[in-house]
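We'll start with a cluster of rings and then move on to a sheet.

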Amino acid sequence: MATFRLALIQLQVSSIKSDNVNRACSLVREAAKQGAKIVSLPECFNSPYGTKYFPEYAEKIPGESTQKLSEVAKECRIYLIGGSIPEEDAGKLYNTCAVFGPDGTLLVKHRKIHLFDIDVPGKITFQESKTLSPGDNFSTFDTPYCRVGLGICYDIRFAELAQVYAQRGCQLLVYPGAFNLTTGPAHWELLQRGRAVDNQIYVATASPARDDNASYVAWGHSTVVNPWGEVLAKAGTEEMILYSDIDLKKLAEIRQQIPIFKQKRSDLYAVETKKP
């Protein structure tokens, strides 16, 4: 199948976990009714984003929130990228994305590899590493449409991760992410277009909706970029479902026209993976 519909759910996240999960599931159902075959929720969809919230909202996987995702994926017969949730495992906390197939099976679990520790004087200081531990695995899954690679938010800044996924045959990268009002306007779209052009790949980002009263204000603007670097679809700041039709024929044409994968100088350089 050369074309399929992708949906990104820009959820308005509240402090009430059950409300977040129930609303997320109802929006997944709506996206499926509109023909979406792969649906993504945003980063930290069941919890406010912040180091003080992660311990309080953390769950096991499988657990309460991911069980609901499994059920709605099966009900709607779609691939569901479960944004991310704070995960507790063996006394450690992770920022984790669980992906479910059309039969409700857990396909892959991506723990955010690069933790968001930044300090922009006078604007924003944040340290995920105060409470979270990093993941250490690459995460891909196969669909009848294409292979998909996963990152979470800050992972998008690391070009090597996207290059590894491209080498492994991914044609779509999905990054649930919550950039902020400092890094959002500066880098959100730029990074997506950069990853897309560098790897001749589709790139999608799913952000929470903006809540100006939250302790961490998300940028919003969930986006889909094609392998030519064009923005195919971009949300505003409010809660909404963003749709985009992913055309894999277009991807093949671009790679044929500008054949960078055949032209790489592996005799001079390489991106090397240290783990499978």
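## Ground rules

"Buried" here means under 20% relative accessible area, "exposed" means over 50%, and "partly exposed" is in between (1.4 Å probe, protein chains only). This is a predicted model, so local features need pLDDT of at least 70 and side-chain atom pairs count only at pLDDT 80 or more, while totals for chains, interfaces and linings use all residues. Residues are numbered from 1 along each chain as its sequence is written, and side-chain values use heavy atoms, with hydrogens and water left out.

## Rings around Tyr-49

Rings of Phe, Tyr and Trp (its six-membered ring) pair if their centres lie within 6.5 Å; planes under 30 degrees apart count as stacked, over 60 as edge-to-face and the rest as tilted. By that rule there are 13 aromatic pairs. Tyr-49 and Phe-126 make a stacked one, at 5.1 Å centre to centre with 20° between the planes. Tyr-49 sits in the loop between strand S2 (36–40) and helix H2 (54–57), and Phe-126 in strand S8 (residues 124–127), so the pair ties together parts 77 residues apart in sequence. (Helices, H or I with at least four residues, and strands, E with at least two, are DSSP runs numbered from the N terminus.)

Both partners are tucked away: Tyr-49 is buried at 8% relative accessible area, and Phe-126 is buried at 12%. Tyr-49 also pairs with Tyr-216, with centres 4.6 Å apart and planes at 55°, so that pair is tilted. Tyr-216 lies in the loop between strand S12 (202–206) and strand S13 (223–225), so this pair ties together parts 167 residues apart in sequence. Tyr-216 is buried too, at 10%. Ring pairs link these residues into a cluster that also takes in Phe-54, Phe-116, Tyr-154 and Phe-158.

## A six-stranded sheet

Now for the sheet: 6 strands form an open one in the order S9-S10-S11-S12-S13-S14, with mixed pairing. (Two strands pair if DSSP finds at least two bridges between them.) Strands S9 (140–142) and S14 (231–234) stand at the edges with a single partner strand each, so one side of each has no neighbour in the sheet.

S9 and strand S10 (residues 147–150) run antiparallel and are joined by 3 bridges. Asp-142 stands opposite Arg-147 in S10.

## What the record says

UniProt lists residues 4–248 as "domain: CN hydrolase" in an unreviewed entry. Over that stretch the chain is 25% helix and 31% strand, and the end C-alpha atoms are 9 Å apart. UniProt positions follow the numbering used here, feature names are shortened, and annotations may be inferred rather than shown by experiment.
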